[in-house]
Amino acid sequence: MTTTPPAAENGGPQPGPARASRPRTLLRDAARSAAARHVRSAARESLRTVGTALTTPAPSSGLPPPGTSSRFRQWLPHVLGVAAVSSLLPVTINVLAQDYRLGGAVAGALATAQTAPLLLAVTRPLQAWWIVLAADVLGAIVLLGADGTEGRSWPWPPMTVVGYLLLMLCLGLRERRRTLVAVWLVTGAAGFLFELVSQRLSDGVHVLLFVLGGIVLLVADTLRTRGEVQRRLAEQETISEAERARRTLLEERARIARELHDVVAHHMSVITVQADSAPYRIGGLPGAAQEEFATIAAGARESLTEMRRLLAVLRSEGSEGERAPQPGLGRLQQLVEATVRAGVPAELSLPADLGDVPQALDLSAYRIVQEALANVVRHAPGAATRVSVGADGAHLTVLVVNGPAAEPVSPLETSGTGHGLVGMRERVRLTGGTLDTGPLPDGGFRVAARMPLAPASPPGTTGTGDTTGTGGTTEKESR
């Protein structure tokens, strides 16, 4: 005899599969609910992104075409905007009043609302788009009841399409890509909604506007992106040029400091020897004087040690050749002869007795002539060159003048390092002199340096306030 469990008789929960299927149903419902929430969240995020794109203008004020002047760049968009409104406004009024048979006041108001914002589009295209879109939608609604709409373009009349495409061009040149996509989608959605409103009046012009608008936005965005790239490249080139000039200046100053080490070291060594030998050369020196000479010698030796440490820092790799004795005006003849062997007919005018020329000035004059002749070989091969060095008792004058290139040939180097004139300027500035460089009327070039033979005040103390300037130098850096 089989007995029925009491729970089954009383309609209680059934054991077995019925009870096991309930958790699976709950899990399936929870998964569907989570997927639905995810879809709703993604939809809300997309709408929020589109809304932000349509309400947040780009911070950039547009991309001017490279190579144009700032004034032309400033006024050209406004002139084009005025021309567009001046031509579209009367034509739009005429089309709405004559072809679509709207009242004059209504046609004038709609035409003004659809075309006048193009002036605003020059500087604020996104705000202008909102105004034009609202005016176009309102115009399409008004044209639904117009007498002349039958058989004509609807919802967008021809002049509306032209003005809207001009607005799309302004948007593409100024706004972000996501904003352009949002505008394009809203334009298509508006046309599709009017297609649903009246398929009888619609002639497919909304599809044409959607396609042409996308093309215009794509072309304008491409131009904008290209302009941004060109602008950034120009900025980077400017920064690179400034850094290159600064690096060249620092390299030249370090090179001059290394070369002047020998000059200063010579004088410091003389001071050391004289101070050390003074007690032996001068008899009867008091003890205080001997101690003073010993202090002077110790200070000079310490200065020499510090100078050698600094020189070790300033020396770059491959600068071992700079350890050789520094040249001076006595080696100008050898320098000119080497230039003649390089194919440049050069001649030297050097007095037999220049008088007492300080070592630093002697080195600077030689380097100026050396760099000037190197520029002739590099930029005007074969040009007749004249080197003149003279002194009037107060100043040392160095003049290097070359004529035009003997033949129209390409220079040996198409791009110099820029160290030539920078080095000349720094050397002249070091001595407190003046430098004048520039082209000559016959196509040649002139380098003229005038440096005081007496010690000059340190550069930078004359009150110009320019730590990298030339003091009294004037030059045109064309080499």
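## Reading helices, cores and salt bridges

Author: Let's start with helix 7, where the buried residues are Met159, Thr160, Val161, Gly163, Tyr164, Leu165, Leu167, Met168, Leu171, Gly172 and Arg174. Keep in mind that this is a predicted model.

Reader: Okay, now the inside. Which residues touch the most other members of the largest nonpolar core?

Author: That core has 39 residues, and Leu96, Trp129, Trp156, Tyr164 and Val183 are the ones touching the most other members. Two or more residues come from each of helix 3 (70–99), helix 4 (104–115), helix 5 (117–121), helix 6 (125–144), helix 7, helix 8 (177–197) and helix 9 (205–281). A separate core of 28 residues includes Ala365, Leu396, Met424 and Leu453.

Reader: What is tryptophan 156 in contact with, leaving aside its neighbours within four places in sequence?

Author: Its contacts are Asp136, Val137, Ala140, Val161, Ala190, Gly191, Phe194, Val205, His206 and Leu209.

Reader: On to charges. How many salt bridges does the structure hold?

Author: There are 11. Here's a general idea for reading one inside a helix: an α-helix has 3.6 residues a turn, so residues three or four places apart point the same way. Now the case here: glutamate 235 and arginine 231 are both in helix 9, four residues apart, about one turn of the helix. Their side chains meet in a salt bridge, 3.4 Å from N to O.

Reader: Are glutamate 371 and arginine 427, another pair, buried or exposed?

Author: Both are buried. Their closest N and O atoms are 4.0 Å apart, in a salt bridge. Glutamate 371 belongs to helix 12 (residues 359–379) and arginine 427 to helix 13 (residues 419–431), so this pair ties together parts 56 residues apart in sequence.

Reader: And where do aspartate 392 and arginine 450 lie?

Author: These two form a salt bridge as well, with the closest N and O atoms 3.9 Å apart. Aspartate 392 is in the loop between strand 2 (385–391) and strand 3 (395–402), while arginine 450 is in strand 5 (residues 445–452), so the pair ties together parts 58 residues apart in sequence. Aspartate 392 is exposed, at 54% relative accessible area, and arginine 450 is partly exposed, at 40%.

Definitions and conventions. Residues are numbered from 1 along each chain as its sequence is written. This is a predicted model: local features need pLDDT of at least 70, side-chain atom pairs count only at pLDDT 80 or more; totals for chains, interfaces and linings use all residues. Side-chain values use heavy atoms; hydrogens and water are left out. Buried means under 20% relative accessible area, exposed over 50%, partly exposed in between (1.4 Å probe, protein chains only). A nonpolar core is a set of buried Ala, Val, Leu, Ile, Met, Phe, Trp, Tyr and Cys residues joined through side-chain atoms within 4.5 Å. Contact means heavy atoms within 4.5 Å.
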